[in-house]
Amino acid sequence: MTEKRDIEIDFGQVHTERMRLNVGPQHPSTHGVLRLEVELEGEIVTDVVPHIGYLHRCFEKYCENSTYVQVVPYIDRLDYIASMSNEIPYALGIEKLMGIQVSERIQAIRTVLAELNRIASHQIAVATFGMDAGAFTPFLYLFRDRELILDVFERLSGGRLLYNYIRPGGLMRDIYPTFVSDVLAIVKQVRETNKEVQNLLIDNKIFIERTINIGILPADVAINFGCSGPTLRGSGVDYDLRRAEPYLLYDKFDFEVCVGKGLMGTLGDSYDRNIVRMWEMEESCKIIEQAVKLIPDASEDVRASIPKKIAPKGEIYTKAENPKGELGFYIVADGKNKPYRLKGRSPSFSNLSVLPYISKGYMIADLIIILGSIDIVLGEIDR
Amino acid sequence: MTIENIFERLKKEFGDAILSETVEQNFEPFIRISPQNVVDIMLFLRDEEDLKFDYLACLSGMDYKETLGVVYHLYSIQHKHRVTIKIEVPKEDPKVPSISKVWRTADWHEREAYDMFGLIFVGHENLIRILTPYDWEGHPLRKDYKQPEEYHGLKVPY
C-alpha cells in the first residue's frame with residue numbers, strides 16, 4: 001500500500017516510540033460517537049482498532065418486545081439520516097410474509113422517497129467528506145439543498161428526520177397535492193448545486209491531491225469484508241441490489257449502476273468512493289423523474305391494504321439498497337404479533353470493519369479522510 | 001443455482017454432515033448442517049466454480065429456547081444466487097467453529113453473536129464483546145436474560 005504514495009518520507013536515524021492515540025469518541029471527524037484507538041509511528045498509522053457500541057440501545061431486544069407496527073420507529077433510528085430508506089426493506093419483508101400486494105402508485109411514491117433520501121444522505125456524505133479534507137463552502141451549499149428534501153418529508157410525515165411514514169402494507173397518509181412539482185423542483189436544484197460542487201470541490205486540485213491513492217480498497221478485499229454500497233462500488237464491483245434483485249419498481253427504470261473507475265488515482269481509493277456518490281445523485285435524479293410519471297393525480301386510500309393485525313409466520317431475509325449499502329433484516333416470525341427475532345444487518349457495520357485494513361501505512365490526517373470516505377452512521381453500527 | 005442443486009452438491013461432497021433442507025411456504029429455503037464441518041463446507045461454498053458464494057451478507061445468532069444457533073446468509077455476486085445455512089448447538093456447550101478466516105466480515109459478526117448470545121466461536125482470534133461494554137455480564141439477546149440491577153453503581157432499569 002505504502003509504495004503507491006507520492007510522498008516519500010525519510011525518517012533517517014531518528015528513533016521514535018510507537019504512540020497510542022485515542023481519536024474520539026467525541027471528535028467531530030469521527031462522524032458520531034466512534035472511538036478509534038490508533039497506533040502511530042511518528043505520523044504514520046500502524047494500527048487502528050475501532051471501539052464501537054457507544055450508541056448501543058438494544059434495538060433487537062426492543063423489537064422482540066414490540067409489535068410489528070411498533071418496530072417501524074425503531075428502524076428509523078438505525079441510519080438516522082436515511083430513515084425513509086430504512087423503512088423500505090422492513091415493509092417489503094412483512095408484506096412478503098403476509099402476502100400483501102401494494103398498488104403501483106404506492107410503490108412509485110416509495111421509490112421517489114427512497115431516491116430523495118439517497119440524495120439527502122449522499123449530500124451529507126460529500127459535504128462532510130469535503131469538510132474532512134478542509135473545504136467548508138460545499139458543506140453549506142449541500143446542507144442548504146438537503147433542507148428542501150427534509151421540507152418535503154416534513155410535509156408528508158410531520159417529522160424532519162424520523163418519519164415512521166412507510167408502513168407494512170402502505171403509507172402513513174397520502175401525498176399532498178403539490179408533491180410532484182416540489183420533487184421536480186428539488187431535482188432541478190440538486191443538479192445545479194452538484195455542478196457547483198463539482199467545480200468547487202471534486203475538480204479542485206487540492207481536493208484531488210488530498211484524496212487520491214488514499215485508503216485503497218481492492219475489489220476482492222471489499223467483497224470479503226462484506227462491504228456494500230458506494231464503498232464496494234468505489235472499488236469497481238458492479239453490485240447494486242436495485243439492479244441485482246430489483247424490488248419496488250426499479251426494474252422499470254433506466255438507470256446506471258455507478259462504479260469507481262480509478263479516474264484520478266488508483267481504483268478503489270477515497271476519491272473513487274466519493275465520486276461514486278456524486279454520480280449516484282445524478283442517477284437518483286433520473287429515477288425520480290421516471291418514477292413521478294407513475295404517480296397518477298387521482299388520490300387513493302394509501303392505508304387500504306394495511307393489515308388490521310400483523311401476525312405472520314415464517315422467516316425472511318429482506319434487504320434493500322440503502323444510501324450506505326445493503327440494509328437487511330432477518331425476520332423470524334412465529335405467528336405471534338411480535339417478531340421472535342429481528343436481526344438488523346447494517347451496511348455501515350461491515351463497511352467500518354474494513355477500516356483497520358485500509359488505513360495502515362497512511363498518515364494520521366489521511367485516516368480522517370479514509371473514515372470520511374466510508375461514510376458511516378453510528379446509529380446503525382451500534383444499533 | 002436452485003437450493004435443491006446446492007443441497008445435492010453438498011450432500012455428495014460431505015454426506016452426513018448435511019442434515020436437511022427445508023423448502024416451506026413463507027420460509028426462505030435453508031440447509032441445516034452439523035456444526036463440526038462448518039469451515040470445510042463454507043470453504044467449499046466459497047471456492048467451487050459454480051457456487052462462488054463470495055459474500056457473507058449476514059450472520060445472525062439465534063436462541064431457539066432449547067438450543068442456540070447461527071444462521072448464515074450467503075450471496076454470490078458473480079452468479080447472483082443466495083443460500084441460507086443454519087446450525088444448532090446445545091446451550092450448555094455453545095461452541096461453533098469460527099469462519100472469520102473464510103469471510104473476514106464474519107470477524108465482527110461473530111463478535112456480535114458472542115456478545116449477544118454467548119456463542120463461543122472456536123478459532124476466532126479476538127473474541128471479545130463488541131456492542132456492550134467490555135465488562136458487561138450476561139448475553140442480552142438470550143430469551144432467559146435477566147438484566148443486572150446495577151452497572152458500576154448506575155441503576156440499569158430506569
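Reader: Which residue is the bridge partner of B:T22 in strand 2 of chain B?

Author: B:F30 is the partner of B:T22. Before going on, know that this is a predicted model, where local features need pLDDT of at least 70, side-chain atom pairs count only at pLDDT 80 or more, and totals for chains, interfaces and linings use all residues. Residues are numbered from 1 along each chain as its sequence is written, while chains are lettered from A and ligands numbered from 1 in the order in which they are written.

Reader: How do I read strands and their pairing?

Author: Strands of a sheet pair through backbone hydrogen bonds, either parallel or antiparallel. Here, strands (E, at least two residues) and helices (H or I, at least four) are DSSP runs, numbered from the N terminus, and two strands pair if DSSP finds at least two bridges between them. Strand 1 and strand 2 (residues 30-33) of chain B run antiparallel, joined by four bridges.

Reader: What is the order of the five strands in the open sheet of chain B?

Author: Read 1-2-5-4-3, with mixed pairing. Strand 1 (18-22) and strand 3 of chain B are the edge strands, each pairing on one side only. From one strand to the next, the twist averages 20°. For angles like these, axes are lines fitted to C-alpha atoms (for helices, over the stretch in contact), and angles run from 0 to 180 degrees between N-to-C directions.

Reader: Which strands does helix 1 of chain B lie across?

Author: Helix 1 (residues 3-14) lies across strand 1, strand 2 and strand 5 (82-90) of chain B, at about 170° to strand 1. Helix 3 of chain B lies across strand 3 and strand 4, running at about 10° to strand 3.

Reader: Is helix 3 of chain B mostly covered or mostly open?

Author: First the rule: a residue is buried if 20 or more other C-beta atoms lie within 10 Å of its own, exposed if 12 or fewer, and partly exposed in between, with C-beta atoms placed from the backbone. Helix 3 of chain B is mostly covered, with 12 of its 12 residues buried, including B:W108 and B:F117. Part of the cover is helix 12 (347-353) of chain A, together with strand 3 (55-63), strand 4 (67-75) and strand 7 (120-122) of chain B. Just past the end of helix 3, B:G118 has a positive phi of about 75°.

Reader: Why does B:Q36 count as partly exposed?

Author: Because B:Q36 has 13 C-beta neighbours inside 10 Å. B:Q36 sits in the loop between strand 2 and helix 2 (38-47) of chain B.

Reader: How many residues of chain A are in contact with chain B?

Author: Contact means that the C-beta atoms of two residues, placed from the backbone, lie within 7 Å. By that rule, 29 residues of chain A touch 25 residues of chain B. Strand 6 of chain A gives the largest share of chain A's side, five residues.

Reader: At what angle do helix 4 and helix 14 of chain A cross?

Author: Their axes cross at roughly 180° and come within 9 Å. Angles under 35 degrees count as roughly parallel, over 145 as roughly antiparallel, 65 to 115 as roughly perpendicular and the rest as oblique. Helix 4 and helix 14 of chain A are therefore roughly antiparallel. Where they touch, A:T128, A:F129 and A:D132 of helix 4 meet A:I368, A:I369, A:G372 and A:S373 of helix 14.
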